[in-house]
There are 2 protein chains.
Amino acid sequence: MKSIQKAGVVGGGVIGAAWAARFAENGIDTVVFDPAPDAQRKLDEVVALADRAYAKLTLAPRAKKGAITLTTDLAEAVKDADFIQEAAPERLELKQDLFAEIEGHARADVIIASSTSGFKPTDLQAKMVHPERLIVGHPFNPVYLLPLVEIIAGEKKSDDVTASAKAFYASIGMHPLLIRKEIDAFVADRLMEALWREALWLVKDDIATAEEIDDAIRFGCGLRWAQMGTFQVFNVAGGEAGMRHFMAQFGPALKWPWTKLMDTPEMDDALIEKIAVQCEEQSEGLSIRDLERIRDNNLIAIMQALKTQKWGAGQTLLDYEAQLYKRSHSGSSETVHDFSQLIRMHETVVQPDWTDYNNHMNEARYLQVFCDSTDAFLNMIGVDPDYVAGGHSYYTVETHIQHLQEVAALEPLYVKTQMISHDEKRIHLFQWIYHGKTDEVLATGEQMFLHVDANASKACPAKPEVLARLGEIWDGHQHLPAPEAAGRAVGQRRS
Amino acid sequence: MKSIQKAGVVGGGVIGAAWAARFAENGIDTVVFDPAPDAQRKLDEVVALADRAYAKLTLAPRAKKGAITLTTDLAEAVKDADFIQEAAPERLELKQDLFAEIEGHARADVIIASSTSGFKPTDLQAKMVHPERLIVGHPFNPVYLLPLVEIIAGEKKSDDVTASAKAFYASIGMHPLLIRKEIDAFVADRLMEALWREALWLVKDDIATAEEIDDAIRFGCGLRWAQMGTFQVFNVAGGEAGMRHFMAQFGPALKWPWTKLMDTPEMDDALIEKIAVQCEEQSEGLSIRDLERIRDNNLIAIMQALKTQKWGAGQTLLDYEAQLYKRSHSGSSETVHDFSQLIRMHETVVQPDWTDYNNHMNEARYLQVFCDSTDAFLNMIGVDPDYVAGGHSYYTVETHIQHLQEVAALEPLYVKTQMISHDEKRIHLFQWIYHGKTDEVLATGEQMFLHVDANASKACPAKPEVLARLGEIWDGHQHLPAPEAAGRAVGQRRS
């Protein structure tokens with residue numbers, strides 16, 4: 001796959017703006033075409049939501065953000081693009097004409113992906129000269145967070161195009177799902193539509209309100225569907241005999257009148273109003289913007305939770321972070337540290353789930369920041385994952401912290417590190433946590449680390465290359481003044 | 001509501017056994033009726049799964065577990081019960097006969113709840129003398145973890161019965177949802193059935209495999225449905241104009257052929273086999289038991305994540321934990337501490353998400369255990385949530401930790417605390433973390449706390465009642481020997 005440096009997005013609504021945010025987050029300069037008079041405001045609002053979300057989503061080093069530019073000139077948006085994503089209104093003829101026009105301006109080798117949630121790519125290709133370059137790349141709201149993107153090729157297709165699109169979407173943190181056959185509405189939307197239609201009947205027939213139906217989802221099956229789809233859920237529910245048992249037991253219910261399957265409710269004004277009012281009641285005064293932020297916080301928390309389980313969308317996030325670390329490493333491998341100064345390596349942001357009831361960082365998280373900084377230090381001296389996999393590591397044996405200042409959620413932090421002493425088995429470090437905006441010292445941490453043979457669970461000398469690296473640092477750091485609080489015991493009077 | 005001390009469960013399959021586990025977890029002695037020869041084994045397996053899940057779910061003090069007894073005598077299971085939950089096979093006549101027989105043995109005032117996923121309570125009541133005591137209480141697998149339970153009353157009904165059932169289910173950590181009208185399959189299963197039917201078509205027509213359909217759910221809409229139902233999701237997706245805009249835009253699609261709504265697939269052997277094989281492929285060698293544990297870990301992680309957001313199933317968990325803390329407080333309010341000894345208060349279990357890649361407790365979590373123990377200490381001396389809400393608190397200003405031993409996930413811990421000194425503004429504590437099984441010391445922590453006026457952000461003397469309580473402790477603790485490591489600085493040689 002050619003590297004995607006520049007992208008064009010056609011349409012700047014909720015979907016198009018979120019694509020732009022996802023592209024820019026991954027370092028891709030993006031030009032958005034939208035002729036609407038309030039396009040800039042709407043674009044800015046979605047980009048701000050996305051930026052807020054990414055700051056919480058990962059501690060991995062984020063790419064230098066790409067630029068997002070808005071234009072009312074279609075040619076401007078697509079002429080330099082390495083990838084084009086369309087997110088215009090859902091009208092077939094409008095899209096067909098757009099694709100023909102885009103082709104006139106874009107480079108011949110560039111993939112054009114449609115965000116349509118319903119039209120078949122074969123129909124979208126109708127007026128194109130090189131139809132095989134068009135695919136559907138169907139995302140899900142909020143596009144900057146949800147990993148799923150359905151890829152569908154038309155009758156005119158190219159394996160290169162689908163493979164490249166798949167690789168590109170995966171490189172920006174998504175889970176691309178290649179759909180085997182063209183069908184209206186593809187897979188995910190058909191499932192949602194079936195459920196939605198049944199939900200509408202339940203409201204119309206006063207079996208339940210919109211809120212009650214939503215509760216029936218989010219307190220039950222929704223918790224399962226965030227991690228396993230309907231087949232896997234039923235497979236597990238079948239107990240020891242799995243899916244065959246489940247289908248034998250519940251298969252007959254398909255023929256029972258358990259859904260309004262044979263009919264579809266009339267979406268007249270009365271039903272629309274009923275639903276809209278019930279949705280407003282459910283929101284309890286929260287605005288759509290409030291709900292968007294709540295939704296994003298929940299999505300991030302769920303994806304981070306699944307990350308601890310290395311499962312589903314959490315695995316996608318892990319894979320994405322691995323890419324980010326790799327990219328940042330390859331960029332920084334030539335970093336030359338100046339060991340005549342304190343070492344500044346670790347930077348982070350106070351995560352929302354690190355805070356107490358009062359929104360300040362919990363005291364235990366100060367130690368975590370010191371640990372993470374120590375990890376960066378150890379990586380630098382060659383105690384990297386390979387070294388650890390070889391059965392050797394440094395263990396923390398002692399810690400002294402001075403908690404000096406509080407710090408609130410989402411504030412930036414950085415750490416500076418000084419080596420106090422070292423020998424064959426031990427490293428003695430002193431570190432400071434600074435506020436990233438005010439440069440105020442928030443805490444100091446003094447720690448002793450012992451080199452161990454992890455299998456034997458006993459101390460042993462570090463390998464020569466690690467000791468050599470420590471020596472390089474010591475050449476500089478031995479000339480630094482000793483930190484005022486080093487060697488201090490709890491409660492000791494300041495001198 | 002009368003207090004539920006004893007429960008009867010009729011049917012010991014996946015659902016019944018999980019009800020028993022949930023009841024016993026909440027201190028309710030439970031007798032399970034099941035005549036099957038392998039009932040004990042199946043019951044034990046589900047109870048073990050549930051016990052494993054509860055150990056991870058919450059740090060709140062769990063109730064003393066109720067006893068679970070299996071019987072092949074229906075009368076035995078229900079005669080002393082304060083609440084009866086039926087979970088027998090889904091055959092209407094069998095259930096009708098069961099309820100008539102249960103009535104003959106149970107106390108007249110006891111609620112009988114059916115776990116049926118489809119039958120209307122009016123039909124289930126057909127052969128009963130006191131039909132109004134029967135409701136449907138429809139749970140979701142795994143019943144010991146998922147909060148949702150649908151409550152449906154029949155034509156013969158009592159508001160007292162539904163209110164009592166609702167209160168009871170809420171008291172055992174569930175989210176009861178009262179369904180307004182009787183309808184086959186109620187609400188949640190109708191929604192699942194609609195989606196399931198569409199999913200079956202997609203497999204039959206080779207649009208996607210079972211795994212691909214599952215991925216279309218869990219990487220997309222499933223992540224939304226774990227926190228907001230379909231109406232709220234669409235409401236938010238509508239952007240600034242909300243639901244009305246959404247329905248205007250996507251309402252017409254209901255009339256398009258976006259689902260196979262007019263038909264239902266024949267569940268012949270070929271389709272069943274196709275799905276079963278695809279499910280096996282998706283599982284990649286994981287057994288159903290493996291998948292159950294993975295599912296539970298994911299559910300716990302998702303619910304804990306939502307707890308940090310105070311939302312949905314996370315709020316249910318918060319409410320449940322508040323009850324657990326309250327119950328444990330009311331039980332221990334008369335606890336008399338012996339201050340001539342070290343204080344032993346805080347106990348916990350190493351949470352799975354506290355661990356490093358090597359499954360050992362992360363070093364920062366040692367400090368968290370010390371913090372949690374300090375919280376218990378502060379609560380004991382009167383620095384409780386009310387005191388803190390009044391604008392005063394103790395802040396940690398200094399910490400010294402000796403990390404002595406590793407400890408793995410799910411191992412039990414307890415902490416002992418010694419007061420080293422105190423004055424009007426300061427408390428100086430020394431604490432030890434012990435392994436709950438081996439009584440080995442895993443870490444020591446020495447900390448200084450400063451009493452502050454949180455609004456003014458400055459130190460000030462604690463209130464007299466707090467100082468009096470500290471004095472009581474000091475009367476005893478001043479006679480204890482000083483801990484060996486107290487006053488120690490990092491790297492200081494042991495004497």
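Predicted model: local features only at pLDDT ≥ 70, side-chain atom pairs only at ≥ 80, totals over all residues.
View 1. Leaving aside neighbours within four places in sequence, A:Ile84 is in contact (C-beta atoms, placed from the backbone, within 7 Å) with residues including A:Val10, A:Ile102 and A:Ile112.

Local features here need pLDDT of at least 70, and side-chain atom pairs count only at pLDDT 80 or more, while totals for chains, interfaces and linings use all residues. Residues are numbered from 1 along each chain as its sequence is written, and chains are lettered from A, with ligands numbered from 1, in the order in which they are written.

**View 2. Strand S5 of chain A and its partners.** Look for residues 111-114 of chain A, a strand (a DSSP run of E, at least two residues): A:Ile111 and A:Ala113 point one way, A:Ile112 and A:Ser114 the other, and all are buried. S5(A) pairs in the parallel sense with S4(A), residues 83-86, over four bridges (pairing takes at least two DSSP bridges). With S6(A), residues 134-139, S5(A) pairs in the parallel sense over three bridges. A:Ala113 has A:Gln85 opposite in S4(A) and A:Ile135 as its bridge partner in S6(A).

**View 3. Where chains A and B meet.** Here 123 residues of chain A are in contact with 123 residues of chain B. The S10 strands of both chains, residues 392-403, run antiparallel and are joined by five bridges. One pair to find is A:Glu398 with its bridge partner B:Gln402.

Notes
Buried ≥ 20, exposed ≤ 12 C-beta atoms within 10 Å, placed from the backbone. Contact = placed C-beta atoms within 7 Å.
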